[in-house]
Amino acid sequence: MSAFYDALETRSADERAADQLAALNAQLAKHGLAPLKDMSELAGLPVLRKSELSSRQKAAAPFGGLPVSNVAHYFQSPGPIYEPGGISHDWWRSGRAMYAAGIRADDIVQNCFSYHLTPAGMMFESGARAIGCAVVPAGTGQTELQAQAAHDIGVTAYTGTPDYLKIILDKADEMGLKLAISKAAVGGGALFPSLRQEYADRGIHCLQGYGTADLGSVAYESEAMEGMIVDEGVIVEIVTPGTGDPVAPGDVGEVVVTTLNPDYPLIRFATGDLSAVMQGQSPCGRTNMRIKGWMGRADQTTKIKGMFVRPEQVAALVARHDEIVKARVIAAREGEMDTMTVQIEARGGNEADFAKSAGELLKLKGRVEMMAPGTLPNDGKVIEDTRSYD
């Protein structure tokens, strides 16, 4: 059984660059842009930011006038941002990351990414099907039923957010059920070292991938667990945030991605995520560029419990109540779970009303802490991430 998903993973640098340039020029033609002579010219093209994509979609619904084709599904992510989905072979390229995590055709995959409006569930469903796995389309929630299904069906692999697997395992322990899960491909949030070790202690090999609803899979871990290997279907640049100019090799910058998906060609799409290029080749034998994985946000947007919380959502909370002077969201960890605390400076008002609004506007449950006016730091931050990623 091959250690590699396909021959693309072991191409020479010259072969990969030539193949990618040809595919990129085909994408540029769809946008009515002139072809490039070499890959270095890509940095001269404008960056497309999520905020600009949102504005374009409002002006020309649903996909902002981009050259989209072969649409089988329409998805909506917070914003709202609309993404197309296709049903051709592994449209989001998730199979490569899942294969690198050890998932094979004889596995039964419990897919705990949401199938509701957002594309994550379908992204991993298509990856599992590309490998040849049977899938339990579990989605999120109903943990007791999830544990029972995993036991009864004999599930051997998990896909979903890093935290939720622990919830299922703990529920199974509580119910006296022995599960057969030994592999996990996770995303949608950080896989903290302590949680990975807890899974390893349970006999579960857990690797993480990095992707977005717009782009699909961008990079993934292999068994070497030394950084993340860039997916063969994208071109990744690390740029100075806000400029689009490539940083020096090894420097931290914003991840900008060009997809080579002919159905949805995104050129220099700015993710808002920070990372850095790792020098050298992965010990696993895959030859593509590696990045250090997710290293924070170029802006203050922060992922908590698998969901992005954005500064404009915090601003909407302040604007909803005349009594609120300032608000600040704190992302933290308790045990192996993300937590969210909303600190609110207010002149009067009702804490229960503020909590209700916070849940509605931030789309997450969290604690509300009332603060006296002038208490919060005057540092411009409305979202603070106190979690350690070491």
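**Exercise 1. The largest cavity**

Task: In this predicted model, find which residues line the largest cavity and how the lining divides by class.

Solution. 
Step 1. The lining of the largest cavity consists of Trp91, Trp92, Arg93, Asp214, Leu215, Gly216, Thr259, Asn261 and Tyr264.
Step 2. Sort these residues by class: four are nonpolar, three polar and two charged.
Step 3. Counting cavities of 30 Å³ or more gives one.

**Exercise 2. The largest nonpolar core**

Task: Find which residues of the largest nonpolar core touch the most other members, and which element gives the most to this core.

Solution. 
Step 1. The core has 39 residues, and Ile103, Val236 and Ile291 touch the most other members.
Step 2. Two or more residues come from each of helix H3 (94–100), helix H4 (120–131), strand S8 (205–212), strand S9 (216–220), strand S10 (228–230), S11 and strand S12 (253–259).
Step 3. H4 gives the most to this core, with five residues.
Step 4. Take Val236 as a case. Leaving out residues up to four places away in sequence, Val236 touches Val218, Val230, Val255, Val256, Val257, Met289 and Ile291.
Step 5. Another core lies apart from this one and has 21 residues, including Ile168, Leu169, Ala172 and Leu177.

As a general rule, in soluble globular proteins nonpolar side chains tend to be buried together.

**Exercise 3. Buried or exposed?**

Task: Decide for Gln110, Ser54, Asn25 and Gly176 whether each is buried or exposed.

Solution. 
Step 1. Recall the cut-offs: buried means under 20% relative accessible area, and exposed means over 50%.
Step 2. Gln110 belongs to strand S4 (residues 108–111). Its relative accessibility is 2%, so Gln110 is buried. Beyond its neighbours within four places in sequence, Gln110 is in contact with Val136, Ala138, Gln146, Ala149, Ala150, Val155, Ala157, Tyr158, Thr159 and Ile168.
Step 3. Ser54 sits in helix H2 (residues 50–59). Ser54 has a relative accessible area of 12% and is therefore buried. Not counting residues up to four places away in sequence, Ser54 touches Pro80 and Ile81.
Step 4. Asn25 is part of helix H1. Because its relative accessibility is 18%, Asn25 counts as buried. With residues up to four places away in sequence left out, Asn25 touches Pro35 and Leu36.
Step 5. Gly176 is in the loop between helix H6 (162–175) and strand S7 (183–186). Here the relative accessible area is 63%, so Gly176 is exposed.

**Exercise 4. Backbone exceptions**

Task: Find where the chain has a cis peptide bond, and which residues other than glycine have a positive phi.

Solution. 
Step 1. Start from the general rule: most residues other than glycine have a negative phi, and most peptide bonds are trans.
Step 2. Ala61 and Pro62 are joined by a cis peptide bond, with omega about -5 degrees. Pro62 lies in the loop between H2 and strand S2 (73–77).
Step 3. The bond from Gly79 to Pro80 is also cis, with omega near -10 degrees. Pro80 is found in the loop between S2 and strand S3 (81–85).
Step 4. Gln142 is not a glycine, yet its phi is positive, about 55 degrees. Gln142 is located in the loop between strand S5 (134–137) and helix H5 (143–153), and is exposed at 60% relative accessible area.
Step 5. Lys363 has a positive phi near 65 degrees. Lys363 lies in the loop between helix H9 (351–362) and strand S20 (367–371), and counts as exposed at 54% relative accessibility.

Definitions and conventions: Residues numbered from 1 in each chain as written. Predicted model: local features only at pLDDT ≥ 70, side-chain atom pairs only at ≥ 80, totals over all residues. Heavy atoms only, no water. 1 Å grid on protein atoms, 1.4 Å probe; cavity = no way out; pocket = protein on both sides within 12 Å on 5 of 7 lines; lining within 4 Å. Points joined across faces, edges and corners; volume = space filled by probe spheres on them. Nonpolar A, V, L, I, M, F, W, Y, C, P; charged D, E, K, R; others polar. Core = buried A, V, L, I, M, F, W, Y, C linked by side-chain atoms within 4.5 Å. Buried < 20%, exposed > 50% of the residue type's maximum accessible area, 1.4 Å probe, protein only. Helix = DSSP H or I, 4+ residues; strand = E, 2+ residues; numbered from the N terminus. Contact = heavy atoms within 4.5 Å.
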